[in-house]
Amino acid sequence: MTRICQITKKKPIVGNNVSHANNKTKRRFLPNLHNHRIFIESENRWVSLRISNSGLRIINKIGIHAVLSNMKKNNKKIIL
């Protein structure tokens, strides 16, 4: 399973660890992903999502119904 948020499409990025001696080694910055089951009252069912913390905040702000309809409609990153 890839480390990609299903709502915001955030994924790992690559950067450097920089030591005190200014040595640079590659590292990965991983998104803050969580597996959540969210109940949709209008459809009377549970939806399992692998979402980042920012995706969870988007759900809290605009609601799960709006998020799912937006995902179905354009399947792109949600911008508020």
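User: Which exposed residues does the face of helix 1 turned away from its buried side carry?

Analyst: In this predicted model, the buried residues of helix 1 are Gly55, Ile58 and Ile59. Viewed down the axis of helix 1, these residues fall within an arc of 100°, so they line one face of the helix. The face turned away from that buried side carries the exposed residues Arg57, Asn60 and Lys61.

User: Which residue with a positive phi follows helix 1?

Analyst: Helix 1 spans residues 53-62, and helix 2 spans 64-74. The residue that follows helix 1 has a positive phi near 100°, and this residue is Gly63.

User: Within what arc do the buried residues of helix 2 fall?

Analyst: Ile64, Val67, Leu68, Asn70 and Met71 are buried in helix 2. An α-helix has 3.6 residues a turn, so residues three or four places apart point the same way. Seen down the axis of helix 2, the buried residues line one face of the helix, because they fall within an arc of 160°.

User: Which residues are exposed on the other side of helix 2?

Analyst: The buried side of helix 2 holds Ile64, Val67, Leu68, Asn70 and Met71, and what covers these residues includes strand 3, strand 4 and helix 1. On the other side of helix 2, the exposed residues are His65, Lys72 and Lys73.

User: Which element gives the most to the largest nonpolar core?

Analyst: The largest nonpolar core has 14 residues, and those with the most contacts inside it are Ile7, Leu49, Ile51, Ile59 and Ile64. Two or more residues of this core come from each of strand 3 (33-40), strand 4 (45-52), helix 1 (53-62) and helix 2 (64-74). With four residues, the element that gives the most is helix 2.

User: How far apart are the closest N and O atoms of the salt bridge between Glu43 and Arg45?

Analyst: A search of the whole structure finds one salt bridge. Glu43 counts as partly exposed because its relative accessibility is 37%, and Arg45 is likewise partly exposed, with a relative accessible area of 37%. In the salt bridge that Glu43 forms with Arg45, the separation of the closest N and O atoms is 2.5 Å.

User: Is Asn44 buried or exposed?

Analyst: Asn44 is found in the loop between strand 3 and strand 4. Although Asn44 is not a glycine, its phi is positive, about 55°. The relative accessible area of Asn44 is 61%, above the 50% cut-off, so this residue is exposed.

User: What distance separates the C-alpha atoms of Asn44 and Asn23?

Analyst: Asn44 lies in the loop between strand 3 and strand 4. Along the chain, Asn44 and Asn23 are 21 residues apart, and their C-alpha atoms are separated by 55 Å.

User: Where is Lys9, a residue with a positive phi that is not a glycine?

Analyst: Lys9 has a positive phi of about 60° although it is not a glycine. Its relative accessible area is 36%, so Lys9 is partly exposed. The place of Lys9 is in the segment before strand 1 (13-18).

User: Over which ring does the charged end of Arg37 sit?

Analyst: The charged end of Arg37 is placed 4.4 Å from the centre of a ring. The ring over which this charged end sits is that of Trp46.

User: How far from the centre of the ring of Phe29 is the charged end of Arg27?

Analyst: Phe29 lies in strand 2 (residues 24-29), and its relative accessible area of 35% makes it partly exposed. The charged end of Arg27 sits over the ring of Phe29, at a distance from the ring centre of 3.9 Å.

User: Which residues does Phe29 touch, not counting residues up to four places away in sequence?

Analyst: Phe29 belongs to strand 2. Phe29 and Arg50 are 21 residues apart in sequence, and their C-alpha atoms are 17 Å apart in space. Leaving out residues up to four places away in sequence, Phe29 touches Pro12, Ile13, Val14 and Gly15.

Methods
Residues numbered from 1 in each chain as written. Predicted model: local features only at pLDDT ≥ 70, side-chain atom pairs only at ≥ 80, totals over all residues. Heavy atoms only, no water. Core = buried A, V, L, I, M, F, W, Y, C linked by side-chain atoms within 4.5 Å. Buried < 20%, exposed > 50% of the residue type's maximum accessible area, 1.4 Å probe, protein only. Lys NZ or Arg CZ within 6 Å of the ring centre and 35° of its normal. Salt bridge = Lys/Arg side-chain N within 4 Å of Asp/Glu carboxyl O. Arc of directions from axis to C-beta. Contact = heavy atoms within 4.5 Å.
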